[in-house]
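Please look through the structure shown here with this short briefing beside it, which moves from single contacts to whole chains.

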Amino acid sequence: MAPPSPAPRLSPDTPPPLDSATRPRPSSPADLFWSFTWLALQGFGGVLAVVQRELVEKKRWLTHEEFLEDWAVAQVLPGPNVINLSLMLGDRYFGLRGAVAAVGGMLAVPLVVILALAILYSHFAAQPQVAGALRGMGAVAGGLIAAVGVKLLPQLRKHVLGFVPCLVLAAVVVLAIAWFRVPLAWVLLGVGGVACGLTWRKLTP
Amino acid sequence: MTAIQITMAWPDWLALLLQFMLLSMMSVSGAITAVPDMHRYLVVQQGWLSDAQFSSSVAIAQAAPGPNVLFVALMGWNVGLNAGGGLAGGPHAWALGLLGLGITMVGIMLPSTTLAWFATRWLHHNGQRRGVRAFKQGMAPVVVGLLVATGLILANGNQRPDSPAWHLWLVAGVAGLVVWRTKIHLLWLLGAGALLGALGFV
């Protein structure tokens with residue numbers, strides 16, 4: 001496997017990311033496995049918020065730009081997006097072994113935990129406090145994921161389309177999905193198509 | 001969550017596998033988008049799961065640690081338990097539960113991860129093409145919008161009829177603000193949410 005080359009950046013004048021020799025990276029597939037297990041076990045109601053905090057802010061395996069770009073790819077491909085993202089990262093560092101280690105880390109231990117919870121739940125399903133706790137965690141999880149989006153907003157300042165057009169595109173997506181409940185495929189094709197087309201025109205061939 | 005009595009012959013298991021493989025390719029941006037179709041197949045058409053089993057599978061996975069896709073594992077587990085006579089059915093039921101879990105997880109994961117693996121390799125080697133760069137950069141504002149929208153839907157998703165909606169929004173909003181502005185560990189926030197829920201605030 002070739003050493004990871006820096007991902008393409010959002011705009012030509014962004015400073016180049018740290019070169020591959022000095023920037024942090026996982027030390028082995030086992031490191032990947034346990035890092036992703038730890039990520040997954042912190043991710044109640046979805047792992048995305050934790051992925052951003054751990055991999056970008058704490059471990060610094062990814063820059064904000066790379067996270068946005070990788071997440072876009074993971075989002076568009078069919079399949080669970082966090083799984084796709086771990087697969088991409090694992091493959092980038094250690095090829096197929098890394099991909100298997102990262103996805104395995106995401107799934108193996110959490111699978112055992114969730115089975116145990118399901119068996120426990122079948123004993124306590126009648127308790128209103130249990131259902132209430134599930135609801136409260138759902139609300140918090142929603143806030144956490146929305147905050148990931150808000151935190152990434154400043155990154156769009158460097159975007160080739162300009163900050164305001166980017167904000168408009170993001171707002172259209174929020175309205176279409178959360179308010180009008182447009183099926184995701186249409187939003188990706190429609191708004192995504194327009195955004196990619198405009199960006200294509202701005203980029204030098 | 002009581003088990004329902006069903007019998008599963010091997011063509012049924014195969015049908016279950018094929019159905020989830022099909023759903024795998026259709027679940028763009030997360031298995032959660034395929035939930036309505038899973039309900040149609042498992043509950044309405046085949047009768048392999050009860051409504052309560054179906055919705056609790058989704059709810060437990062939402063609240064449990066780990067990727068949301070694990071709700072699919074719980075659906076397979078419950079189908080297997082039903083076929084084996086419920087948790088009381090002993091080792092036989094547990095084995096069938098694990099079989100169902102394996103089948104639904106392999107079905108939902110294998111096609112999409114295989115495709116994702118080839119696609120990311122291709123993208124990695126063609127990263128300098130104008131079209132690829134335009135796609136990756138152009139999607140950035142869309143992704144930001146999607147994250148916010150997903151958060152809103154999740155926060156709003158499980159409202160209780162007898163508590164005011166603004167309680168839910170307040171909890172989600174404060175959680176979002178805290179995680180945006182501080183470095184506090186996310187588990188503290190989730191714990192606080194669970195406590196507020198157990199006390200009946202949301």
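Two residues are in contact if their C-beta atoms, placed from the backbone, lie within 7 Å of each other. Leaving aside its neighbours within four places in sequence, B:Leu70 has contacts with A:Pro110, A:Leu111, A:Ile114, B:Ala61 and B:Ala64. The model is predicted, and local features need pLDDT of at least 70, side-chain atom pairs count only at pLDDT 80 or more, while totals for chains, interfaces and linings use all residues. Residues are numbered from 1 along each chain as its sequence is written, and chains are lettered from A and ligands numbered from 1 in the order in which they are written.

**The nonpolar core**
- A nonpolar core is a set of buried Ala, Val, Leu, Ile, Met, Phe, Trp, Tyr and Cys residues joined through C-beta atoms within 7 Å, where a residue is buried if 20 or more other C-beta atoms lie within 10 Å of its own, exposed if 12 or fewer, and partly exposed in between.
- The largest such core holds 133 residues, and those touching the most other members are A:Val140, A:Leu144, A:Val173, B:Leu70, B:Leu74 and B:Val143.
- Helix H4 (residues 81–124) of chain A supplies the largest share of this core, with 18 residues; helices (H or I, at least four residues) and strands (E, at least two) are DSSP runs, numbered from the N terminus.

**Where the chains touch**
- In chain A, 92 residues are in contact with 86 residues of chain B.
- H5(A) gives the most to the side of chain A that touches chain B, namely 22 residues.
- That side of chain A divides into 68 nonpolar, 19 polar and five charged residues, with Ala, Val, Leu, Ile, Met, Phe, Trp, Tyr, Cys and Pro counted as nonpolar, Asp, Glu, Lys and Arg as charged, and the others, Gly among them, as polar.

**Helix H7 of chain A**
- The 19 residues of H7(A) should span 27 Å at 1.5 Å a residue, and its end C-alpha atoms are 26 Å apart, which agrees; the expected span is 1.5 Å times one less than the number of residues.
- H7(A) bends by about 30° at A:Gly192, the bend being the angle between axes fitted to the seven residues ending there and the seven starting there.
- A:Gly192 is also one of the buried residues of H7(A), which include A:Leu184 and A:Thr199.

**Chain B as a whole**
- Chain B has eight helices and zero strands, and 50% of its 202 residues count as buried.
- The C-alpha atoms of chain B fill a box of roughly 50 × 50 × 30 Å, taken along the principal axes.
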